[in-house]
Amino acid sequence: MLPKTSDSLFDQSYYKATANAPLKLHELWGDHHADLVVIGAGYTGLAAALRAAEQGLKVILLEEYFPGFGASGRNGGQLIPGLRWDARTLIKTLGKERGRAVFDLSLTAQKRVLERVSKHHIDCDLKPGHATMAWNEDHYRDLGEEAESLARDMGYSDIEMVTPENAKSVVASSLYHGGMIDKRGGHFHPLNYALGLAKAAEAAGVKIYSNKKVIGFKEQKNGVWAGVEGGNVFAKSAMLAVDSKMSGLDRRLGGFAMPILNYNIATEPMGEARAQALIPSDMAIADTRFVLNYFRLSADNRLIFGGGEKYLPSMPSSVDEFVRKHMLQVFPDLADVKIDYRWGGAVGVSRNRLPHVGQSSSGRTWFAHGFSGHGALLTTLAGEAVADAMAGQAEAYQLLANLPSKPFPGGTLLRWPLHVAGMLYYAMRDRL
């Protein structure tokens, strides 16, 4: 069983309660040397470390708590193909050739995750299918236009439109005006995927050290140094994979993404019949609101539901009450159902909602963060692409590194108030 922490928003999660057997944890003491030091044992860091070790590098991975402790072990478990930008925006902004290349690369993220699950026998409750449900009639028309663009511009045929009349065959709620199914999407137990990657990385030779915060990091003349209390790692290069905590390692990089808090609840087991009546398709569901609801069924017939608007860094007084009201808006018949688990955490959101991937001017420090709610798939892609680039295979990395990115105005100091103002505006548009 995973150790108890001081973070109640992790310790009360459904994922921790149903986690597979974890690795034996080791703390770093003394001086160590490696080809690559990876900081952060979420999907990005684990994927980068695993891939680099498979390519013959000596890799040390440092994690403040244990693998999957952050967003990788707390997210909604929704496997959503593509990027936050839709096909039309990719083509309009990047041009048809480059937009298609970026989209095609993003689709490999799903393939990479499925291959890791299969190759390493990761037991993570994997299920197929993802549906985006329209909040209103205008949103439904927009989904239809996106489906047309995907087929025409991207050659993507795994989309199926759901008419308003058939919406309840996907999710039994009266709120939705049709939707769009992505057959390559799906959902899984996110913490167990992280633990599975960690075991695969360790088996490949990665040394994983946990339970100590990195208190210092810098580039040196011939490499990099990362320090924890009582220990040091000297390596030829580094991979920073801490997502929402990037400011703690590099203040400049931290200005390209900001931590946004989100919260989830899991109901008591409802039995197969009642659970399937809620989501007959058994797909992962997200709606088209700017501040969206997202939900799915667990392997043991619970409803896992995330939703709500939280603009300030303080947590709500009651996560149950905060999320439950949104669940009941979608499923009013669940008023009698008990909430067994509640949890939350921070996700790194970039200014334009695209991942920020790159390296320092010296070439010794690599980074990937700001996955903006699409991290369940894109993180494995980014981690592997960085490791491949280190080995001289940089095609995927270059596509990611050349995505447009800008820091938030005002850096880490002013990003919160400016973001709050923007979120309030779009949340009001949802209501209107």
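**Notes on the predicted model**

1. Let's start with glycine 307, which sits in the loop between β14 (303-306) and α10 (319-330). Helices (H or I, at least four residues) and strands (E, at least two) are DSSP runs, numbered from the N terminus. Keep in mind that this is a predicted model: local features need pLDDT of at least 70, side-chain atom pairs count only at pLDDT 80 or more, and totals for chains, interfaces and linings use all residues. Residues are numbered from 1 along each chain as its sequence is written, and side-chain values use heavy atoms, with hydrogens and water left out.

2. Is glycine 307 buried or exposed? Its relative accessibility is 6%, so glycine 307 counts as buried. (Buried means under 20% relative accessible area, exposed over 50%, partly exposed in between, with a 1.4 Å probe and protein chains only.) Not counting residues up to four places away in sequence, glycine 307 touches Tyr263, Leu292, Asn293, Tyr294, Phe322, Val323 and His326; contact means heavy atoms within 4.5 Å. Glycine 271 is 36 residues from glycine 307 in sequence, and the C-alpha to C-alpha separation is 23 Å.

3. Next, the loop between β13 (294-297) and β14, where you'll find asparagine 301. Asparagine 301 has a positive phi, near 65 degrees, and is not a glycine. With a relative accessible area of 18%, asparagine 301 is buried. Serine 298 belongs to the loop between β13 and β14 and is buried, at 2% relative accessible area. Leaving aside neighbours within four places in sequence, serine 298 is in contact with Tyr14, Lys127 and Ile304.

4. Another residue to check is aspartate 282, in the loop between α9 and β12 (284-287). Its phi is near 55 degrees, which is a positive value in a residue other than glycine. Aspartate 282 is buried, with 18% relative accessible area.

5. On to the second largest pocket, with a volume of about 170 Å³. For the method: on a 1 Å grid over the protein atoms alone, a cavity is a set of points where a 1.4 Å probe fits but cannot get out, and a pocket is an open set with protein on both sides within 12 Å along at least five of seven lines; lining residues have an atom within 4 Å of a point. Grid points are joined across faces, edges and corners, and a volume is the space filled by probe spheres set on the points. Which helix gives the largest share of this pocket's lining? That's α9 (residues 272-278), with three residues. The lining includes Ala172, Arg274, Leu278, Phe331 and Asp333. By class, the lining has seven nonpolar, two polar and two charged residues. (Ala, Val, Leu, Ile, Met, Phe, Trp, Tyr, Cys and Pro count as nonpolar, Asp, Glu, Lys and Arg as charged, and the others, Gly among them, as polar.)

6. The largest nonpolar core has 67 residues, and Tyr193 and Met239 touch the most other members. Helix α11 (residues 375-390) gives the most to this core, nine residues. A nonpolar core here is a set of buried Ala, Val, Leu, Ile, Met, Phe, Trp, Tyr and Cys residues joined through side-chain atoms within 4.5 Å. Leaving aside neighbours within four places in sequence, tyrosine 193 is in contact with Tyr43, Val113, Arg116, Val117, Ile122, Cys124, Phe188 and Thr380. Apart from this core lies another, of 31 residues, among them Ile181, Met270, Leu278 and Met327.

7. Now the rings. Those of Phe, Tyr and Trp (its six-membered ring) pair if their centres lie within 6.5 Å; planes under 30 degrees apart count as stacked, over 60 as edge-to-face and the rest as tilted. The count by this rule is 16 aromatic pairs. Phenylalanine 10 and phenylalanine 69 have ring centres 5.0 Å apart and planes at 40 degrees, so this pair is tilted. Phenylalanine 10 is in helix α1 (residues 8-11) and phenylalanine 69 in the loop between β2 (59-62) and β3 (78-79), 59 residues apart. Phenylalanine 10 is buried at 0% relative accessibility, and phenylalanine 69 is buried at 6%. Ring pairs link Phe10, Tyr65, Phe66 and Phe69 into a cluster.
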